Amino acid sequence: MTISCLSFAQEGERPLIEPDVQPRPVDEALIDTENFEIGAFTGTLNIEDFESSFLWGGKLTYHLSERFFFEANVGFAEGGETSFEKLAGNVQVLSDDERDYRFYNVNIGFNLMPGEAFLTENYAFNTNFFVIAGAGATEFAGDTRFTANAGFGYQVLLTDSIAMQLSVREHLYRIDVLGEEKTSMNTEVSAGLSVFF
């Protein structure tokens, strides 16, 4: 009598409709574990009062989560001539060495709109539109200046470990080389490739 009651209770707990779910095997090797990213970039840097210049540099990124990341940058460019130098002729505001432009900064970024870009019906790439801001220093015109920077960019993951990035940033620092001290606004437009590891 007891056995028949237990059997009845177990049968009563079974659902009337059992879902036909087949568990998918998971290959742990395919799970992304790369949190670091190293890359190089080139572009143009508009140095206020000193023309636009070819820009090149490198970056190291640590992805804290899918949304947040930290990034360290170093970039190199060269300042050109001011309008005064061009009009005056044999006048130099800066020496050749003082025209060397170098910046380095540490930033925090936020992936604002992670998504996908479809190349064809069968090929899609993961993408990120991000905003970024931070601080660092700029060596230019014979001095090192505290520099804030902010901007945005668009990243396309070409493969599981290689990404392409387009970026626009504004670098701001105080300078008094041409008279009264002012805030210099220097616009960077760059593109680069990076590798996750």
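1. M164 stands opposite L193 in strand 8. Strand 8 comprises residues 182-196, and it pairs with strand 7 in the antiparallel sense over 14 bridges. Strands here are DSSP runs (E, at least two residues), numbered from the N terminus, and two of them pair if DSSP finds at least two bridges between them. Six residues separate the strands in the hairpin of strand 7 and strand 8, where G179 takes a positive phi near 125°.

2. This is a predicted model, in which local features need pLDDT of at least 70 and side-chain atom pairs count only at pLDDT 80 or more, while totals for chains, interfaces and linings use all residues. Residues are numbered from 1 along each chain as its sequence is written, and side-chain values use heavy atoms, with hydrogens and water left out.

3. The pLDDT (the predictor's confidence in each residue, from 0 to 100) has a mean of 87 over the chain, and 89% of the residues reach 70 or more. Over residues 5-9 the pLDDT is below 50, and this stretch has zero contacts in the model beyond near neighbours in sequence. Contact means heavy atoms within 4.5 Å.

4. On its other pairing, strand 7 runs antiparallel to strand 6 (residues 143-157), with ten bridges joining the two. A hairpin of four residues links these strands, and A163 in strand 7 is the bridge partner of L157.

5. Buried means under 20% relative accessible area, with a 1.4 Å probe and protein chains only.

6. Y173 also belongs to the largest nonpolar core, which has 13 residues; L45, I47, L55, Y101, F140 and Y173 touch the most other members. Two or more residues each come from strand 1 (36-46), strand 4 and strand 7. Such a core is a set of buried Ala, Val, Leu, Ile, Met, Phe, Trp, Tyr and Cys residues joined through side-chain atoms within 4.5 Å. Leaving out residues up to four places away in sequence, the contacts of L45 include L55, A77, Y101 and H171.

7. N111 lies in strand 4 (residues 100-118) and is buried, with a relative accessible area of 4%. A polar atom of its side chain lies 2.9 Å from the backbone oxygen of E66. Beyond neighbours within four places in sequence, N111 is in contact with E66, R67, F69, N128, F129 and F130.

Conventions
Buried means under 20% relative accessible area, exposed over 50%, partly exposed in between (1.4 Å probe, protein chains only). A polar contact is a pair of N or O atoms within 3.5 Å; within protein, one must be able to donate a hydrogen and the other to accept it, and residues adjacent in sequence count only if both atoms are side-chain atoms.
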